[in-house]
Amino acid sequence: MSTEKIQFCQSCGMPLLDEASLGTNEDGSPNTQYCAYCYERGEFTADLTMDEMINTCVGFMTQAHPELSETQARDMMRLVLPTLARWKKHPSHHHP
Ligand SMILES: [Zn+2]
């Protein structure tokens, strides 16, 4: 995997630093768009709305970066997630 440019998961915004953090396509090959937590075997692992994804990620972010408050983490996710491919297509789509 190229180290020229860090890719970010187009679902949760997590940096995709190595092959182990990549999601997998239906045939098991690595998917360079999404991380292993979000995308497995050609499908999203969880059918979330963007707000639900933000709630999930805030927990991980404050664990990984204790210097961040929950509000700061949430504000960052609210800025980043709408720019990612998964959420751009369906800005306010809710599944029934
Ligand atoms: Zn992800």
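Predicted model: local features only at pLDDT ≥ 70, side-chain atom pairs only at ≥ 80, totals over all residues.

Visitor: What is the order of elements along the chain?

Guide: From the N terminus on, the order is β-β-β-β-β-β-α-α-α. That is three helices and six strands.

Visitor: Where is Gly23 placed?

Guide: Gly23 lies in strand 3, residues 22-24.

Visitor: Why is Gly23 called buried?

Guide: The cut-off for buried is 20 or more other C-beta atoms within 10 Å. Gly23 has 24 C-beta neighbours inside 10 Å, so Gly23 counts as buried.

Visitor: How much of the chain is buried?

Guide: Buried residues make up 25% of the 96 residues.

Visitor: Which residues is Gly23 in contact with, leaving aside neighbours within four places in sequence?

Guide: Asn31, Tyr34, Cys35, Ala36, Cys38, Tyr39 and Glu40. Take Cys38: 15 residues separate Gly23 and Cys38 along the chain, and their C-alpha atoms are 6.9 Å apart.

Visitor: Which residues have the most contacts inside the largest nonpolar core?

Guide: Cys35, Ile54 and Cys57, in a core of 18 residues. Strand 4 (30-35), helix 1 (50-64) and helix 2 (70-80) each give two or more residues to this core. Helix 1 gives the largest share, six residues.

Visitor: How many residues does this core draw from each domain?

Guide: At least three from each of domain 1 (7-44) and domain 2 (50-88).

Visitor: What share of contacts is between residues 24 or more positions apart?

Guide: The share is 34% of the contacts with a separation of 6 or more.

Visitor: How is a pair of packed helices described?

Guide: By the angle between the axes and the distance between the axes. For helix 1 and helix 2, the axes come within 9 Å and cross at roughly 130 degrees.

Visitor: What makes helix 1 oblique to helix 2?

Guide: Roughly perpendicular covers 65 to 115 degrees, and roughly antiparallel needs over 145. The crossing is at roughly 130 degrees. Therefore helix 1 is oblique to helix 2.

Visitor: Is the crossing left-handed or right-handed?

Guide: Helix 1 passes helix 2 in a right-handed crossing.

Visitor: Which residues meet there?

Guide: From helix 1, Ile54, Cys57, Val58, Met61 and Thr62. They meet Glu70, Ala73, Arg74, Met77 and Arg78 of helix 2. Ile54 and Cys57 were also named among the core residues with the most contacts.

Conventions:
Residues numbered from 1 in each chain as written. Helix = DSSP H or I, 4+ residues; strand = E, 2+ residues; numbered from the N terminus. Buried ≥ 20, exposed ≤ 12 C-beta atoms within 10 Å, placed from the backbone. Contact = placed C-beta atoms within 7 Å. Core = buried A, V, L, I, M, F, W, Y, C linked by C-beta atoms within 7 Å. Domains from an automatic or database assignment. Axes fitted to C-alpha atoms, helices over the stretch in contact; angles between N-to-C directions. Parallel < 35°, antiparallel > 145°, perpendicular 65-115°, else oblique. Left-handed = near helix turned anticlockwise from the far one by under 90°.
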